[in-house]
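Trainee: Could you take a close look at the aromatic pairs in this model and explain them to me step by step?

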Amino acid sequence: WLSSEFGSMVRLVQRYVWAIEEIAWREALINITHAINSSLDPEAVLTLILERAPALLNAEASSLLLLDQATGELVFHYAVGPIGPQLVGLRIPPGAGIAGHVVRSGQASIVNDTSSDSRFYRNPSVAQNFTARSILAVPLRRHAQIRGVIEVLNRRHSAPFIDEDRIILEALADQAIIALENANRFASLDKEVERLRADLVNMMIHDLRSPLTVVMTSIDMLFRGIMGEISTVQREILSIAYTSAQNMLNMVNLLLDISRLESRLMPLQRKVVHLPTLLERVLFYMEVIAQSKQIVIEQQFDHEACLIFADEDLLLRVLQNLLDNALKFSPNGSSIQICSKSISRDTVCLVVKDEGIGIQPDDQQRIFDKFTQVGRRRATGSGLGLTFCKLVLAAHGGQIWVESVPGVGSSFFLTLSRPEE
């Protein structure tokens with residue numbers, strides 16, 4: 001009687017544990033399904049699935065491998081566990097390993113002792129850091145086509161994987177394949193949007209330049225009295241129209257230059273450039289603005305960092321952009337520092353530092369994207385100047401970045417090559 005009662009209690013406890021586990025994995029599936037339906041980042045959903053799988057199945061690690069249709073290899077695209085980062089990008093030969101068997105057969109596979117299974121594939125690059133004792137692998141299937149494999153490894157406490165684990169992992173695999181398809185759709189949509197944006201920019205460039213030039217030429221003819229004398233009021237109105245047309249033409253030309261730089265079709269006229277002399281040319285255009293705001297522009301050039309090898313006209317425009325921004329967002333009576341220093345035998349670093357409003361940390365990468373304006377910077381400008389600067393530096397094999405403290409100021413750093421000795 002006692003033995004029977006004890007056995008009933010054990011079975012009751014087991015059912016209770018199984019019920020709790022079922023509730024846990026069903027809640028996880030609900031959360032993952034909600035993430036798929038609400039998230040615009042399929043990559044984050046896949047990461048969530050790979051992170052949840054070991055916890056649900058009480059395993060040490062999980063990974064997702066996608067089938068390379070061209071080579072037949074399986075490629076680790078996501079991996080969670082002790083050596084997850086080392087696995088990403090590794091390839092398994094066609095048909096090799098438990099995962100290869102799953103792809104060939106289209107069926108899930110449970111291996112609770114890899115040492116006795118001849119199908120197990122030991123990758124020498126990771127075998128020393130991690131031992132796979134047991135594996136549960138299921139196919140990623142969509143419309144009867146195998147796209148890859150999702151697997152969990154090493155059930156904790158040396159427990160075996162069982163058929164109920166397979167059911168859970170197959171449910172996760174169904175969610176993973178939906179996330180993968182969403183990722184592909186988003187990638188295709190991004191490419192299409194970028195193509196349409198490029199077509200629009202090209203249309204604007206080529207369709208606006210000629211009419212703008214005609215408008216400006218016509219205004220100039222009126223200014224010079226070719227069509228007859230004009231009054232003072234008419235001259236002021238024409239001046240406003242000419243300035244506006246010139247600004248628009250400058251923007252169109254800037255878009256054209258950005259398009260050429262992105263396509264790597266912008267020819268670079270490189271030569272030895274003396275930085276202090278170049279800055280004198282920049283200040284010629286900017287000195288009036290600086291004086292109107294009582295801003296002092298300080299210069300400091302290291303003796304070994306005065307010469308660079310670059311396209312002088314393009315770099316002039318870069319410095320004009322940076323100095324114009326510094327003047328625009330700096331308070332009256334502040335200072336701007338421009339200095340250069342040698343950071344290696346081949347590289348010079350140029351710094352433009354202001355005491356302006358600064359840039360929030362989350363915006364410090366975005367400001368270099370096309371048409372991006374952040375914070376109070378939205379009030380003026382086209383959102384193209386820093387994009388142009390970044391592309392020019394990239395064309396020279398250099399870099400540009402910003403370090404900023406909101407309310408204190410910003411420092412823009414540029415790296416450029418020194419002339420060969």
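**Aromatic pairs and their surroundings**

Mentor: Phe412 is buried, with a relative accessible area of 4% (buried is under 20%, exposed over 50%, partly exposed in between; 1.4 Å probe, protein chains only). Phe368 is likewise buried, at 6%. The model is predicted, so local features need pLDDT of at least 70 and side-chain atom pairs 80 or more, while totals for chains, interfaces and linings use all residues. Residues are numbered from 1 along each chain, and side-chain values use heavy atoms, without hydrogens and water.

Searching the whole structure gives 3 aromatic pairs (ring centres within 6.5 Å; planes over 60 degrees apart are edge-to-face, under 30 stacked, the rest tilted). One of them joins Phe284 and Tyr285 edge-to-face, with 5.6 Å from centre to centre and 85 degrees between the planes.

Turning to helix packing, helix H7 (residues 275-292) packs against helix H8 (residues 312-328) at about 40 degrees, their axes 10 Å apart (axes are lines fitted to C-alpha atoms over the stretch in contact; angles run from 0 to 180 degrees between N-to-C directions). Tyr285 is among the H7 residues making that contact, together with others including Leu278, Met286 and Ile289, while H8 contributes residues including Leu316, Leu319 and Leu323 (contact means heavy atoms within 4.5 Å).

Technical notes
Helix = DSSP H or I, 4+ residues; strand = E, 2+ residues; numbered from the N terminus. Phe/Tyr/Trp six-rings, centres within 6.5 Å; stacked < 30°, edge-to-face > 60°.
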